[in-house]
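Please look at the sequence and the 3D view before reading on.

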Amino acid sequence: MQPDWVLYRTQKGEECLLSHEREISANLRRALLVVNGKSTVADLLKTVFWVNDCSATLKELLDIGLIHHEASAVQGGAGQGQDAGTPIKMQLVAIAKELLGDEAERVIRKIDEAETTPAALEQMLVACKKLIKLTISEEKAEVFLLRGRAVIDKS
Amino acid sequence: MNLDVTTILNLVAMLIMFYCLYLVLSLKSSIPGGMVGKRWNFLTGLVVLFTIGYLATPFFGGLPTEIQHLLVSLIFVFGAIYVAVTVRLIFNIIQELTQ
């Protein structure tokens, strides 16, 4: 694993995060959450103190196919967020995770439950914004709404 | 212990206040921030203060009258603040949800 590699979640990694079943250990899950398609391995090793033995854990995630270091190899990876082929819901989940971190769970549930019609997605975005504003962060709520609308408008 | 009406009412008040303390503390982890989270920390502080105050009520009889009056006034002030914060919070939540 090279220090300058930028890591991305694979489709399998995204599904693993969204799944409520305990498929991987808590430490692996924490490491998977910090993989965002932007930070390099060196950045993660320097900043992510809450993952035990971060280097070995990232290597394990690579070995089991939950993350990848080549963006082009990631099919529908939400870590990229902007890929044209990425489903809207996955992109919204990625935004929620990036903005809210561990507190994104309830927002992700709302995204999962929403239908994929434009009206339903807009309604879900507004509901998520209200939830974030009331219980997580007033500032992040506006950012989530703006970025979410940008994703929907692009599609 | 002499179980008169005042003592029974004090005991009931303490039990209710312990229940409130349990509720505010157990909900705290679900509300890390945001509009509700910010006020919740303040409300938690007030509930802790009231719980301590209620627990001290059996000893009020031994205090000088002036101090007793001062304590009652303080309870009134903090009670009013608690009500104001709660009503304001409910107002903001309703406003947000009906926008």
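## Chain A as a whole

Of the 155 residues in chain A, 36% are buried, a residue being called buried if 20 or more other C-beta atoms lie within 10 Å of its own, with C-beta atoms placed from the backbone. This is a predicted model, in which local features need pLDDT of at least 70 and side-chain atom pairs count only at pLDDT 80 or more, while totals for chains, interfaces and linings use all residues. Residues are numbered from 1 along each chain as its sequence is written, and chains are lettered from A and ligands numbered from 1 in the order in which they are written.

Chain A holds eight helices and two strands, which are DSSP runs numbered from the N terminus (helices H or I, at least four residues; strands E, at least two). Along the sequence their order is β-α-α-α-α-β-α-α-α-α.

## Leu100 and its surroundings

Leu100(A) belongs to helix H5 (residues 88-100) of chain A, and it counts as buried because 21 C-beta neighbours lie inside 10 Å. Leaving aside neighbours within four places in sequence, Leu100(A) is in contact with Val107(A), Ile132(A), Ile136(A) and Lys140(A), where contact means that the C-beta atoms of two residues, placed from the backbone, lie within 7 Å. Leu100(A) and Lys140(A) are 40 residues apart in sequence, yet their C-alpha atoms are 7.8 Å apart in space.

## Where chain B meets chain A

Nine residues of chain A are in contact with ten residues of chain B. On the side of chain B that touches chain A, the elements giving two or more residues are helix H2 (34-56) and helix H3 (65-98) of chain B, and H2(B) gives the most, with four residues.

Notes:
A residue is buried if 20 or more other C-beta atoms lie within 10 Å of its own, exposed if 12 or fewer, and partly exposed in between; C-beta atoms are placed from the backbone.
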